[in-house]
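Here is a short report for a first look at one protein chain. Keep the sequence and the model in view while you read.

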Amino acid sequence: MDVEQMPAMETKEKCLWKAKLAQEANRFEDMARYMKQVAECGVPMTKDEDNMLAAAYKHVLDTKRSSRRTLVTVEQKDGITSWEAAVARHYRARIDEELRALCTEVLTVVDSWLTSDQPEASDPATGVFYWKLSADYHRYAAEVIDDPGDRAEVVAMSKAAYERADRLGRKNLRPIDPIRLGLMLNYSVFLYQVCQQRRQGHDVAKHAFDEAVAEIDAIDDSMYDDSTLILRLIRDNLTIWIQENGGESYAGSAEDQVAPALVAQAVDEDDLHAVEDRVQADLVATAAVAAPTVLLSLSPSTGTVESQPDRDRRSLQDNVN
């Protein structure tokens, strides 16, 4: 029996099993295709299934973005001939088209949820997840749009989605919630790097960091790994941005300085394969992904002198200013 002829629940269960099998085999394009079928079955998805959908597409996206970065480097390489540059440029254009098609596919799935009759009020965390996903993939699409007018339009759509997710998150999620922290991390990077609104990006990140650290003592064990990891990424970005500002805080106060960190460029939670490796699971309601980054271990210690959570809480509180 074809997948299309199966009852909806049976179709979902079979496609989900195939997606998990593809994940085990590191066949992420297959995993993304099966998760798209799961999303299109008409049966509500669980949070774990939402995460699988996002993770599958993000792995595919990361591979293509990495290929694109390599080709851009080749194009700009000293001593390259005009013929070689043209070949690299045409090859990059192919990848750009694949990226645009991938973003369109993801956004079609996301829009089907956002325009459905599933009320955000009944599950605000899922609402934040899908609005953030919409914002992220509009941002990725903007990266490969050459026309300034078209790019500005897509950037505006990304910003509107981030703002919608932000409003929903502030209303319904705690500042220490990893879903909200992941959103604020990506939103601040979007403002700082894509919109070139550096002061605003810094302020969004700093406010999110301060609010979350104020709740660090009351963090749930289930949120510990994800939340503290994202807090470290936010702190690292703040350090980088202050350094780029000549060592001066964007707020103009020495009290807003953060401790130095071992990173070389701003990152967001969509640029870290280390999340999946160190936490052993996708970030709650976010896709686990991307490039290698130096991170301190956040796993709770079994020592009896001072636990790792206590040390991390103390470290984060020490660096809140």
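Contact means heavy atoms within 4.5 Å. With that in hand, Thr 126 touches Lys 47, Asp 50 and Trp 113, not counting residues up to four places away in sequence.

This is a predicted model, in which local features need pLDDT of at least 70 and side-chain atom pairs count only at pLDDT 80 or more, while totals for chains, interfaces and linings use all residues. Residues are numbered from 1 along each chain as its sequence is written, and side-chain values use heavy atoms, with hydrogens and water left out.

**The chain overall**

The protein chain has eleven helices and zero strands. Helices (H or I, at least four residues) and strands (E, at least two) are DSSP runs, numbered from the N terminus. Buried means under 20% relative accessible area, exposed over 50%, and partly exposed in between (1.4 Å probe, protein chains only). Of the 321 residues of the protein chain, 50% count as buried. Take the contacts between residues at least 6 apart in sequence: 66% of them join residues at least 24 apart.

Thr 126 lies in helix H5. Thr 126 is buried because its relative accessible area is 7%. Glu 143 is also found in helix H5. Glu 143 has 36% relative accessibility, so Glu 143 counts as partly exposed. Leaving aside neighbours within four places in sequence, Glu 143 is in contact with Arg 65 and Arg 68.

Helix H6 holds Ala 161. Is Ala 161 buried or exposed? Ala 161 counts as buried because its relative accessibility is 2%. Beyond neighbours within four places in sequence, Ala 161 is in contact with Trp 131, Ser 134 and Ala 135.

Two pairs are set out below by their C-alpha atoms.

| Pair | Apart in sequence | C-alpha to C-alpha |
|---|---|---|
| Ala 161 and Ser 134 | 27 residues | 6.4 Å |
| Glu 143 and Val 194 | 51 residues | 8.8 Å |

**The loop and a charged patch**

Asp 147 sits in the loop between helix H5 (124-143) and helix H6 (148-172). Asp 147 counts as partly exposed because its relative accessibility is 39%. Asp 146, Asp 147, Asp 150 and Glu 153 form a negative surface patch. Patches are made of residues with over 30% relative accessible area and no salt bridge, with like charges joined within 9 Å and nonpolar side chains (Val, Leu, Ile, Met, Phe, Trp, Tyr) within 5 Å. A salt bridge is a side-chain nitrogen of Lys or Arg within 4 Å of a carboxyl oxygen of Asp or Glu.

Terms used
Areas by Shrake-Rupley, 256 points an atom, 1.4 Å probe, with all protein chains shown as cover. Lys, Arg positive; Asp, Glu negative; His and termini not counted. Charge placed at Lys NZ, Arg CZ, Asp CG, Glu CD.
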